[in-house]
Amino acid sequence: MQTTEYSTTSLDTSALTDRVKRRDVRKFYRAFAARYQSVRNPDMIIRRATMFMGIGCAPIGVFALAYAAAEVARGGAPAADIVAPAGVGVLMLSTGIMLAWFFVRTFKRRDTPKRHYRLARFAAANGLSYKPGPVSGKHLKPWARRGYLRLTRVMRPASQRTIEFANYELRVDTLRSPNAQFGGFCAMQLRTSLPHILLRAQHGPFAFAALPDGAQRLSLEGDFDDHFTLYCPEEYERDALYLFTPDVMARLIDRVRGFDVEIVDDWLLLVSSRDVVTLDPEFWQALYDAVGALSDKIDRWERWRDDRLPALPPVVVTAVDTGAGWVGSKHAAPAGQVAKRGRRLRMRLGWGERIGLLGFALVLIGGVIALSL
């Protein structure tokens with residue numbers, strides 16, 4: 001992929017803001033909906049309605065917590081009469097807040113024929129394909145392993161390298177992570193696997209999801225730490241410095257603000273808590289700037305090899321220019337592989353997971369106390 005492919009001067013955003021005629025939208029949408037029947041799928045409406053009704057858990061949780069507080073104030077109440085309602089209250093209140101957040105995010109993401117029309121025209125003007133979704137994100141294996149990955153508004157350029165712009169919802173239905181993550185990303189597939197490295201924007205959103213353990217944080221020179229927090233697996237600090245040279249760090253500071261940067265297996269992802277496939281021309285300009293800042297550095301990254309892996313056996317080398325054959329030994333790390341300890345960062349619980357565990361623990365303790373009385 002050439003950097004010029006993502007030059008902001010060549011990005012045509014007029015389709016995102018130009019006035020449109022209703023007749024043109026209706027004509028477009030008839031053919032579009034026939035091709036992508038998912039745009040008329042009522043599942044999203046039912047889902048939003050279910051979330052809206054689930055928000056009622058919040059006042060129930062408030063009532064349960066108020067009851068527990070009243071029992072404490074009155075004094076002399078058995079522990080089971082306090083712990084169990086408090087646990088139920090925490091669970092119900094956190095569930096209601098989460099569902100309210102989900103409802104707002106999914107409601108803001110709702111699509112209309114006019115939005116599809118604008119996005120499809122924008123894609124055509126810039127050499128992109130456009131699929132409304134929702135589609136599975138199973139091809140993004142590192143992220144898909146974390147839970148159910150659902151993509152919408154997927155755009156892909158005609159490029160030799162696999163590149164994808166999309167909005168996502170990552171839902172992990174386990175006790176450790178009861179919340180979902182929303183946002184958008186640009187994913188670029190590499191020709192080799194690299195260590196798991198995360199650069200989290202310093203002024204990013206409050207994190208409910210899991211984050212890397214602080215012991216894996218690597219401080220870099222200059223004012224880079226004022227803009228990003230870099231995490232890499234322990235003992236891979238030297239490799240992170242090889243990948244993130246001063247010129248790369250300067251580009252990240254200048255042109256990749258507002259995006260988290262994650263390298264995992266053979267994928268490079270620019271991730272935002274905001275949707276990236278939107279009708280906002282300025283955000284598209286920023287996204288193309290970010291892609292262009294890193295695209296011409298990928299070739300250097302793909303030459304990286306993990307020297308912690310066993311060396312390859314000797315190979316035979318022939319000197320063709322003289323016509324005299326000779327045998328020599330050459331040892332190198334296998335291409336496209338990373339040692340086990342470098343493949344994944346060690347994670348710690350996020351606040352969403354801690355709230356869920358706290359509520360579950362309070363309910364469990366209340367139940368045990370009630371059974372013992």
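User: What makes a pair of side chains a salt bridge here, and what is the value for Arg255 and Asp289?

Analyst: A salt bridge is a side-chain nitrogen of Lys or Arg within 4 Å of a carboxyl oxygen of Asp or Glu. In this predicted model, the side chains of Arg255 and Asp289 meet at 3.8 Å, N to O, so the pair falls within the 4 Å cut-off and counts as a salt bridge. Because Arg255 lies in helix 9 and Asp289 in helix 10, the pair ties together parts that are 34 residues apart in sequence.

User: Why is Arg255 called partly exposed?

Analyst: Its relative accessibility is 32%, and partly exposed covers the range between the 20% limit for buried and the 50% limit for exposed, so Arg255 counts as partly exposed. Asp289, with a relative accessible area of 25%, is partly exposed by that reasoning.

User: Why is helix 9 described as roughly antiparallel to helix 10?

Analyst: Helix 9 (residues 246-255) and helix 10 (residues 281-295) pack at an angle of about 180°, with their axes 9 Å apart; because angles over 145 degrees count as roughly antiparallel, helix 9 is given that description relative to helix 10. The contact includes Arg255 of helix 9 and Asp289 of helix 10, and its residues divide into 6 nonpolar, 1 polar and 3 charged.

Note on methods
Residues are numbered from 1 along each chain as its sequence is written. This is a predicted model: local features need pLDDT of at least 70, side-chain atom pairs count only at pLDDT 80 or more; totals for chains, interfaces and linings use all residues. Side-chain values use heavy atoms; hydrogens and water are left out. Axes are lines fitted to C-alpha atoms, for helices over the stretch in contact, and angles run from 0 to 180 degrees between N-to-C directions. Helices (H or I, at least four residues) and strands (E, at least two) are DSSP runs, numbered from the N terminus. Angles under 35 degrees count as roughly parallel, over 145 as roughly antiparallel, 65 to 115 as roughly perpendicular and the rest as oblique. Contact means heavy atoms within 4.5 Å. Ala, Val, Leu, Ile, Met, Phe, Trp, Tyr, Cys and Pro count as nonpolar, Asp, Glu, Lys and Arg as charged, and the others, Gly among them, as polar. Buried means under 20% relative accessible area, exposed over 50%, partly exposed in between (1.4 Å probe, protein chains only).
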